[in-house]
Amino acid sequence: MAGNEWINGYLEAILESGAKPSLGEKDTFNPTKYFVEEVVTGVDETDLHRTWIKVVATRNTRDRSSRLENMCWRIWHLARKNKQLEWEDVQRVAHRKLEREQGRKDVTDDMSEDLSEGEKGDIIEPVKPGSPRKRLDRNFSNVEVWSESNKEKKLYIVLISLHGLIRGDNMELGRDSDTGGQIKYVVELARALAKMPGVYRVDLFTRQVLSSEVDWSYSEPTEMLSTGPEDANLGESSGAYIVRIPFGTRDKYLRKELLWPHVPEFVDGALAHILNMSKALGDQIGGGQPVWPYVIHGHYADAGDSAALLSGALNVPMVLTGHSLGRNKLEQLLKQGRQSKEDINSTYRIMRRIEAEELSLDAAELVITSTKQEIEEQWGLYDGFDVRLEKVLRARMRRGVNCHGRFMPRMAVIPPGMDFSNVVVQEDIAEGDGDIAALTNEASSPKAVPPIWTEVMRFLTNPHKPMILALSRPDPKKNITTLVKAFGECKPLRELANLTLIMGNRDDIDEMSGGNSSVLITVLKLIDKYDLYGQVAFPKHHKQSDVPEIYRLAGKTKGVFINPAFIEPFGLTLIEAAAHGLPMVATKNGGPVDIHQALHNGLLVDPHDQNSIADALLKLVAEKNLWHECRKNGLKNIHLFSWPEHCRTYLTRVAACRMRHPQWQTDTPADEHAAEYSLNDSLKDVMDMSLRLSIDGDKTSLDESLDMSASGDNQVQDQVKKLLSKMNKPEAGAQDSDADKKLTDVPSKYPMLRKRRRLIVLAVDCYDSNGAPEKKMINLIKEIAKAFKLDAQFARQSGFALSTAMPMSELAEFLKSGNIKLTDFDALICSSGSEVYYPGTYTEEGGKPCPDPDYATHIEYRWGSDGLKKTIWKLMNSTEGFKSSHPSGVVEHDLKSSNSHCLSYVIKDLSKARKVDDLRQKLRMRGLRCHLMYCRNSTRMQVVPLLASRSQALRYLFVRWRLNVANMCVVLGETGDTDHEEMISGTHKTLIMKDVVGKGSEELLRTPGSYLRDDIVPEDNPLIAYIKGGAAAREIFDTLRQLFKTAV
């Protein structure tokens, strides 16, 4: 009928939604009720509900019909969109499964070649549907459990948790989505580890926040959490500490999604602290030798990314705890159908998070999970972890069989611990309902009743009834609204119990984030809809110290604790509740399954089924014997989740990792010219003082800062003259000035870097279409060298380094063609960071430079060149999806540019070359870990060890020679090799020269849908300056000087 076309859309929406019409009490179908309760609610769109309210309020029939038609089409569109997303999801899963199977097949083919017939049983075979799974039990019999016998070890442990607000006392849990259970976990872990035998110091690194939006305590650089064991008689630096590192926008509190571009800044700052602390601990307990971190443990993706870079710079083991995982969150958000993948990535930076988690898997020795489900169903989604392949590689390693460089991190299930020292569990409650007198008769005066009890009970008409307690932030995934619906629609449950919702802290709902405010508003509407006034408590504020009292109140009333989250990674609140004698009802998805298996103290439910939730709650509240049995079981088994038990298992598993730390083949004695160096340092301090005086005195150049007479400070003048006279005084046995000149040409035992206060690193990638270095690079080197000479003090204090993708042999020829000596440089970083040279220091007979042997050892970790050669050749030259037009394939091995830690390939057919992240994904699926990049104007592809790169080489120089990264300046072009982005961010200064590099290789970095450049390179960074490519020496010098001044 005319005017009723919307009915077609209405009916189509019913069909597309897949819902079945609900029958009323008289078995009659009510379209209006069905439309609201099944179609609109099923789509789960709050806008549609608002629109429906407007429709109902519209009296004009024509307008009402129009609005109904609009609603129907919107629902139809959403249903269609959901089907499209489901189809895409099926396609993605199928494609990923094929990729995984192909990876396993390639691994099987490569590894079966060197197996005996008996060992071939370890190869990966496809699992047939319905066939029983073969279980490979791990043998931990040779692992010694951590005990008091390790008391003399004195370990230094580093924990990292970057986002949120972290402090030791009065934690603001629930303040925002970043300040949740993870914050409490890491603080308590740090305290607990510091009390373990053999642990001397624990540092918990986080972000320093100087914003007026938050409390001043978050700006304190260091906060002591606890001392070590009371009977340990430890030194001044022992115990657990929060160490806050400044990074990112200094005067703003940033949510975790905005921290990604600033992660390298944190790494550099944390590295400086660790080096200083290692030296201090060496003086205290190490006999003068640095005490390196025993392990670096990252919590969540951002900290995992940081820990991977830090462990690589220091060459110490890394441990990872994911807490919640990006791939799992992406899958859940896509299934909801509310946002496209692009929108999700824009909001949550989800692809950058996933890549950080993949990098963490590359570097981690051990991944700690709370549950078995997390291993198989969550980490199993990642390219870098395959349960079946991990078991096979572990078996081969135990037998000493070659794995061809393949590796999978070990997963360990260690449930989080809890501090039970403040838990007061009341004696077994007598039979009969909880009585209000029991709540108040504990004390002789009302003042002794905890304030939070009064705050909760003021909501309740009858506080005698058992309390159903839910404690979480008002996040949609916590599923609080379904709990309220279950309570509101179950009359027997409402008659028997009260509901208490502790939903974080709030002042004004309108000021909360969209998701949190939406949940709270919905809860308030549901309370009104079901008329639950006097039966539901929802206090606005609570302190962290109030939480035990809330549990105790629920226990006094013989109540039940519930966690109805859609997915709960672990469920620490379930452990807390059990410790206070509360039975639990919890989601069957995630960690609660393992907790229930250990404690046997409650019931598991489907979080999507509100009837199941109501039935479980009613069962525990109504059946007193069951309640007492669950309470008793929880209290009996709770010791399994204590912090000492957690830390004992933790240290046992960490001790089983392959321990490593910086070890230098070339000793670094106090110094062969210790007196000279100390005088240099003293002179530098005086020069710094004179420089400050010159600024105050309106001097115009650094040259003038050496003119002490202008400062008018006689004491400074006398000090400088005295130092200069000592430095110029010839040593015993010294020859005349001619002999001194000859000595300067003799190679030094140690690099000049040790004497530098700053380092200028030229990393401009200028190559022609054939990958040969362009001549303008020679001119650029000479102009920078001229800029150095414009100021004697700057030249003396500054080193010059070159960082390039070229091998040393080709670089030497190129520099020679421009009449530039290798000895003009303090360091040369060659072959994309796989080799480091110090011209004039490490040389062979005939003066040929040798690479730093310590760096070669440093980057050896997980380097499997044999497996990489086979796999890369197969992946790049295979016919999978395409066929190269070039007769010799896509790539050809470039032996001339390769070395023991660099596989170099010439790109023959650029149009068929795989992007970096695509190739990296396939290598990870095959258990191969490396750092690969396209370079030299997309004419080469180079594969170097995981811990090697041009940016990581700078951090190595910091660790090895104590030249702080913050005192370096990297000179780049506007584009370059695919590692160009890595060279920009960090605490070093960056000088970008415009119009120098015609074409780089960055177009081969990412595939569509990957993370963005903005997730790597920070905007508006004061440490980045720009200059024209043809700038003269004076302009270069002035820009460099300004950069170093800005940093100060």
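**Exercise 1. In strand 12, which residue is the bridge partner of leucine 469?**

Let's start with the partner itself: leucine 469 bridges to phenylalanine 561 in strand 12. This is a predicted model, in which local features need pLDDT of at least 70, side-chain atom pairs count only at pLDDT 80 or more, and totals for chains, interfaces and linings use all residues. Residues are numbered from 1 along each chain as its sequence is written, and side-chain values use heavy atoms, leaving out hydrogens and water.

Next, look at the strands (DSSP runs of E, at least two residues, numbered from the N terminus). Strand 9 and strand 12 (residues 560-563) pair, parallel, over 2 bridges; pairing asks for at least two DSSP bridges between two strands.

**Exercise 2. Which strand is joined to strand 9 by 5 bridges?**

Strand 10 (residues 498-502) is the one, and the two run parallel. Within strand 10, leucine 501 stands opposite alanine 470.

**Exercise 3. Are the residues of strand 9 buried or exposed?**

First, the cut-offs: buried is under 20% relative accessible area, exposed over 50%, and partly exposed in between, using a 1.4 Å probe and protein chains only. Then count: 5 of the 5 residues in strand 9 (residues 467-471) are buried.

Finally, sort them by direction. In a regular strand, side chains alternate between the two faces of the sheet. Here Met467, Leu469 and Leu471 point one way, while Ile468 and Ala470 point the other way, and all are buried.

Methods: Helix = DSSP H or I, 4+ residues; strand = E, 2+ residues; numbered from the N terminus.
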